[in-house]
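Let's take a walk through this protein together, starting with the whole chain and then stopping at a few individual residues. Please have the viewer open so that you can follow along.

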Amino acid sequence: MYCVRNITEDLYWIGGNDRRLALFENVHPIPRGVSYNSYLLLDEKTVLFDTVDWSICRQFLENIKGVLGERKLDYMVINHMEPDHAACIEEIVLRYPKVKIVCTEKALLFMHQFGFDIGDNVIQVKEGDTMSFGKHNVAFVAAPMVHWPEAMVTYDATNGVLFSADAFGSFGALDGKLFNDEVDFDRDWLDDARRYYTNIVGKYGPHVQALLKKAAGLEIKYICPLHGPVWRNDFGYLLDKYDKWSRYEPEEKGVLIVYASMYGNTEAAANDLATRLVKKGVTKVSMYDVSSTHVSYLISEAFKYSHVVLVSVTYNLKIYPPMHNFIMDMKALNLQKRTFALVENGSWAPQSAKLMGELIEEMKDMTILESEMTITSAMAEKDEDSMEAVTDSIVDSMK
Ligand code: FEO
C-alpha cells in the first residue's frame, strides 16, 4: 500500500519514517524516530529527487510505483550521498534500468566507493548547471560540506521548490503531518531540529552561511529537506534559526548548567547555583547531569544558550570522563562565542577547573569568567561567598 502526499499538483513526497532505529548514525538517540524524505516530480519527464534509507526501501518502492502508475522513471537527481538517502540508488537502477542519474562528480565517486553497480547512465552536473524536464526548469547549486563534500541542492524555478538535502532537516518521524504549518514547530520540533543541525552540520557554520547567501537570491515557495517537515511559509523563522546556529550566535540569553557528580555533592552545588541565578532574575536556566544526558542534547543546549557553567568533580586527577567528552564534542563541532563559568570539586587535589579552562581556551571566541570556584568534597557555609561571586559574575556578564 503506498502512502504519499502532494506538495504541489505534480510534485509528491514519497518518503517514509523509521520509528525503530534507536541511534541515528549509530550515535544520536532519536526517541521520536526520523523521516527519510524523497520526492517525485511528474513532468513531461519523471524525476526522482534522492532515495531513502534501506530500512524503508520497501515502502519507498511502493510509493514510487503508486505515483508513477504506468509511467517509467526518467531521471534520478542525487543531492546527497550519505547512505540514509543514497542506500536505494542501486535498487532503483535495477528496477528502472533506463533511469539517468544526475549528480555531482564527487557524488559519482562516492557511488563507486560504496560499491553501487549503477552502469554509466549518468549526467554529471556542477554549480550553475540547469536542466529542463518539460514545464519544470531546475538549477543545481553546490553546497559543499553541508555537510558532506559532494552535497548540492536543486532549485526548481518553475514552482519555487528548493530540494535542500540535509539543510533545514530535523530528527522526528512525520505523523501524517508533512508541512510546517500542520505542526506546532516551535513547541514540538524546534528542539529536535536544533539537535539535528548542531550535531550533524554544526561544525560547518561558514559553509551553511555560504549556502544561505545563495538561497537568499532565490524565490523560494517550498523548502523540501531530506528529513522532517516540508516548509511552505514562515521562512523567516527557519532562516533566522539557521543564520544564528551557523554564525554560532546564541538563540537565548540564558544559562546551561552541566554538572558531573559521583555522589550528589557536586549536583547539590549546581542546584545551589541554579537557585541563586533564578533568585537574581535569571530564569532561563537549564540543568543537566552529564552522566545521564546524551551529549547530543547537551550540544544542542550549548548552541541555544549564551552561557555555559561546567560544574565537575576531578577524576583520576583529570576531568570526569563524560564531562571531558562533552567539552571535546563542543570543540569538534566548532562551538564559539559563549561565556563559561567553572566550578570544580575535589576531595584532595582538585584539578578539573584548570583542565576544563585549558580546553575551552583552545576554542574560538570563548570567554571564561574569572570567578572560578573550588569545592572540597561538599559545599559548606564557607563556600557561600564564592558561590555568590560566581552567580554575580554570570548575572553581570549577561547585562
Ligand atoms: Fe541525512 Fe547527511 O544525511
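Predicted model: local features only at pLDDT ≥ 70, side-chain atom pairs only at ≥ 80, totals over all residues.

How many helices and strands does the secondary structure of the chain come to? There are 12 helices and 23 strands. Along its principal axes, the C-alpha trace spans about 80 × 40 × 35 Å.

Next, consider how the chain is packed. It has 399 residues, and 57% of them count as buried. If you take the contacts between residues at least 6 apart in sequence, 72% of these join residues at least 24 apart.

Now let's look inside. The largest nonpolar core holds 89 residues, and the ones with the most contacts within it are Ile-7, Ile-89, Ile-92 and Met-111. Helix H5, residues 185-201, provides the largest share of this core, with 8 residues. There is also a second, separate core of 31 residues, which includes Tyr-320, Met-323, Leu-335 and Phe-340. Setting aside neighbours within four places in sequence, Ile-92 is in contact with Leu-48, Thr-51, Phe-60, Leu-61, Ile-64, Leu-73, Met-76 and Val-99.

One stretch of the chain carries an annotation. The unreviewed UniProt entry places the feature "domain: Flavodoxin-like" at residues 255-395.

Take Ser-306, which sits in strand S19, residues 305-315. Is Ser-306 buried or exposed? Ser-306 counts as buried because its relative accessibility is 10%, below the 20% cut-off. Not counting residues up to four places away in sequence, Ser-306 touches Pro-250, Glu-252, Lys-253, Gly-254, Arg-338, Thr-339 and Met-398. Gly-357, in turn, is found in helix H11, residues 352-361. With 8% relative accessibility, Gly-357 also counts as buried. Beyond residues up to four places away in sequence, Gly-357 touches Leu-342 and Ile-368. Ser-347 is 10 residues from Gly-357 along the chain, and their C-alpha atoms are separated by 20 Å.

Finally, let's visit some backbone details in the loops. Where is the cis peptide bond? The bond from Val-146 to His-147 is cis, with omega near 0°. His-147 lies in the loop between strand S13 (137-142) and strand S14 (152-156).

Ala-165 has a phi near 55°, a positive value in a residue other than glycine. Ala-165 is in the loop between strand S15 (161-163) and H5, and counts as buried because its relative accessibility is 2%. Asn-316 also has a phi near 55°, and lies in the loop between S19 and strand S20 (318-319). Is Asn-316 buried or exposed? At 69% relative accessibility, Asn-316 counts as exposed, since exposed means over 50%.

Definitions and conventions:
Residues numbered from 1 in each chain as written. Heavy atoms only, no water. UniProt positions renumbered as here; feature names shortened; annotations may be inferred. Helix = DSSP H or I, 4+ residues; strand = E, 2+ residues; numbered from the N terminus. Buried < 20%, exposed > 50% of the residue type's maximum accessible area, 1.4 Å probe, protein only. Contact = heavy atoms within 4.5 Å. Core = buried A, V, L, I, M, F, W, Y, C linked by side-chain atoms within 4.5 Å.
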